[in-house]
Amino acid sequence: MADAAIALNEPRGRRQRGPLNSAWTGYLLAGPALLAIIAIFVYPLGYSFVMSFFRWDLSAPSAPFIGLNNYTETLTSPLFQQSLHNQLIFTAATIAVEITAGMGVAVLINGKLRGLRAASTLLLIPPMIAPAVVGLNFRWLFNSQYGFIDALLSDLHLPVIPWLSDPNWALVSIIIADVWQNTPLMVLLFLAGLQSLPLEPLEAAAVDGASAWQIFWNITLPLLRPVITVALMLRIIDTFRTFDVVWLMTQGGPGGATSLVTVHAYLLAFQGVDFGHAAAVSYIALVLSLVLLGVLYRLPWLRER
Amino acid sequence: MLKHLSRRRFLQSSATIAASAGVAAPRIARAEATEIKALLITGGPLYPKYWEQIAQDFKKKTGITVNYDLLEFTPLTSKTVTLGAARSGLYDVYSTHTAQIGSFFNHFAPLDEYFKSEELEDFYPVALKYLRNPKTEKLAAIPRNMDARVQYYRKDVYDAHGLKPAATWDDLIHVSQTLTGDGHYGLVVPGQGDPAQRTFSDLLWQAGGEWVDENNKPSFNAAPGVEALTFYRDLIQKYKVTPPDAVSYQWDENSSEFSSGAVFDTFDWPGAYATLSNPATSKVVGKWSTAPYIRNKQAISCAISHAMALNSVSKKKDAAVEFIKFSVGAESQTLNFQDFTNFPSRQSVAKQVVAAAQGEQAAWLGQLEQTIATGKEWPKLPGFSKVCTIMFSAIEKALSNQATPTDALNEAAKESLDAMTQAGAYQ
């Protein structure tokens with residue numbers, strides 16, 4: 001105690017001059033970690049950014065500087081425009097379904113309905129499966145000859161659906177696969193949020209005669225704003241990175257109907273061997289996802305505290 | 001220390017170092033050349049054993065160890081692209097393919113200086129032609145086995161209906177329509193990505209068209225291209241003789257539809273002969289036969305090849321070339337045929353294999369020879385790899401009725417011209 005008092009009474013400048021407290025010591029200690037981050041994160045990021053200003057084509061003998069050409073070509077390319085259109089539909093649809101369904105299931109589980117507690121353990125399974133496996137499974141599930149889903153529809157005397165060969169149904173198919181894999185994650189996130197809410201406002205509202213829906217809409221949901229914000233952020237970031245499931249289910253087809261920006265970038269890089277162009281596509285996608293996140297932050301409902 | 005170094009002493013030391021280096025260098029080179037690294041193709045359970053045997057036989061013969069990694073076709077191509085972009089020297093030797101060779105002309109070392117012209121004469125000319133860089137005329141890879149297709153049909157079903165395998169486009173429609181029904185389809189074709197482009201390409205040539213004109217400008221959107229894509233689309237959408245979701249099929253689905261017995265006719269690669277003959281992978285063993293590829297105005301389809309290439313930044317080129325020569329040698333090609341029914345790229349080996357074959361297999365090999373004799377491949381011009389990505393989308397759009405064949409091809413031709421111009425195809 002006496003030592004602490006002496007320490008507190010020491011002149012401030014003298015403590016800062018100590019070797020262990022100096023800023024340089026901090027930099028020195030953080031140095032190796034910083035170097036590792038620069039090597040594995042900043043350098044490739046910077047390198048690919050620089051690459052996006054060059055005609056970096058593996059099949060060409062040289063890689064000339066072309067300024068913003070890769071960016072202008074990307075923005076005017078019909079294939080990119082189609083990918084962007086698909087991306088926005090995919091992002092909006094998956095997030096809307098996953099957040100809504102995730103919240104609904106979380107509320108049911110939190111309501112301690114019989115049997116649903118055990119279900120919460122099963123919910124861990126889909127997010128734990130590798131997206132590549134999910135993609136392959138859904139490719140076969142949606143197969144019109146051998147797939148389980150069309151067989152079921154046929155047994156029920158319902159019309160079979162051309163899941164992967166019709167452009168509109170193909171987009172629905174990849175949305176279903178993504179919803180199947182990621183909704184459980186939303187459930188777990190919202191369940192954790194629901195279980196950490198204070199009980200007093202909910203009980204007071206019930207005593208005042210509010211219905212279950214009124215309590216949920218006017219108290220529970222506003223109290224869950226921080227969790228919903230995090231969930232939305234995670235899903236926006238994730239949908240702009242979605243690749244494996246789509247690639248294994250449709251390869252972006254038919255005719256680009258399910259091509260997301262990642263699929264478009266992959267085709268440019270690994271089939272078209274045009275790395276500069278692919279890098280530009282990736283950076284445009286990055287900017288778009290940042291813009292969406294910025295818009296999300298500015299939504300009045302989410303900013304209220 | 002430097003103060004005491006006289007000129008004489010400096011020269012003496014330099015001479016000693018130079019002499020030591022001179023004596024040591026060949027030893028170091030020899031030591032390096034006892035081990036090389038290769039990225040090789042696999043697919044199916046037999047491939048690892050095949051490469052193991054090739055590597056062992058090669059070591060016995062030369063004393064050189066081949067450390068290799070195996071990857072299936074698509075990941076192998078992606079990895080080669082990545083390593084090529086990084087100018088990596090990780091592998092000395094690569095498995096490659098005519099279909100992708102245009103992307104790797106800068107990454108693979110020309111092989112002309114390592115092969116005498118009389119050695120090259122033994123390979124099928126069509127295989128060598130499309131493995132050459134059209135700009136430099138240098139050979140970027142050497143063919144290991146030929147990839148060409150023939151028709152595989154259900155002989156039992158055809159005989160029961162009194163049908164003969166289709167020889168022309170019109171026959172194909174008639175025969176397939178006759179056999180479609182009761183949950184079965186007369187035909188299966190792939191409709192997605194590279195397999196769709198490969199199918200369109202065959203039909204384009206059969207309709208009398210070409211990918212590019214004499215100035216290397218896209219010409220696939222001319223009348224023969226439209227005729228080819230219309231026929232291709234109509235098989236799926238108008239005549240409905242294929243499974244309805246053929247638009248989403250790759251080679252795997254294409255083969256499995258036939259081997260499962262759901263479909264009665266398909267066009268497949270040489271490897272299908274072994275797969276369809278094996279009860280573990282086929283439900284139609286003993287029920288099928290082969291026939292020549294269909295024709296229209298011309299009888300042309302692709303004749304491409306799996307090949308071996310040398311990394312241009314390899315530091316062990318001599319040893320690597322020895323392995324490449326061994327892996328495309330007569331012994332290795334014979335083994336490749338025995339294990340996988342892969343058709344040899346050396347005409348001398350092909351002649352032996354054909355002479356030794358009997359019955360159905362002899363007929364099949366004759367049909368393959370026929371395909372190879374008239375076979376072609378799409379051009380390997382700068383930017384054509386990007387044209388392929390444009391074509392994937394265009395063909396799928398037409399096949400899934402999102403665009404008419406004319407609109408899809410015109411749009412693709414416009415984009416292809418831009419892509420090839422940017423890549424320097426017309427400089």
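Author: Two strands pair if DSSP finds at least two bridges between them; the strands (E, at least two residues) and helices (H or I, at least four) are DSSP runs, numbered from the N terminus. The model is predicted, with local features requiring a pLDDT of at least 70 and side-chain atom pairs a pLDDT of 80 or more, while totals for chains, interfaces and linings use all residues. Residues are numbered from 1 along each chain as its sequence is written, and chains are lettered from A, with ligands numbered from 1, in the order in which they are written.

Reader: Which residue in strand 6 of chain B stands opposite Q151(B)?

Author: Strand 5 of chain B, residues 150–154, pairs with strand 6 in the antiparallel sense over 4 bridges. In strand 6 of chain B, the residue opposite Q151(B) is F267(B).

Reader: What order do the strands take in the open sheet of 3 strands in chain B?

Author: The pairing in this sheet is antiparallel, and the order in chain B is 6-5-7. Strand 6 (265–268) and strand 7 (288–291) of chain B are the edge strands, each pairing on one side only.

Reader: Within what arc do the buried residues of helix 7 of chain B fall?

Author: A residue is buried if 20 or more other C-beta atoms lie within 10 Å of its own, exposed if 12 or fewer, and partly exposed in between, with C-beta atoms placed from the backbone. In helix 7 (residues 169–179) of chain B, the buried residues are W169(B), L172(B), V175(B), S176(B) and L179(B). They line one face of the helix, because the directions from the helix axis to their C-beta atoms fall within an arc of 130°.

Reader: Which helix of chain B gives the most to the side of domain 1 of chain B that touches domain 2 of chain B?

Author: An automatic or database domain assignment divides chain B into domain 1 (34–147 + 303–371) and domain 2 (148–302 + 378–422). Their C-alpha centres lie 26 Å apart. The contact takes 20 residues from domain 1 of chain B and 19 residues from domain 2 of chain B. With 7 residues, the helix that gives the most to the domain 1 side is helix 15 of chain B.

Reader: Which helix of chain B supplies the largest share of the side that touches chain A?

Author: In total, 32 residues of chain B are in contact with 29 residues of chain A. Helix 3 (73–85) and helix 16 (384–399) of chain B each supply at least two residues of the chain B side. The largest share, 8 residues, comes from helix 16 of chain B.

Methods
Two residues are in contact if their C-beta atoms, placed from the backbone, lie within 7 Å.
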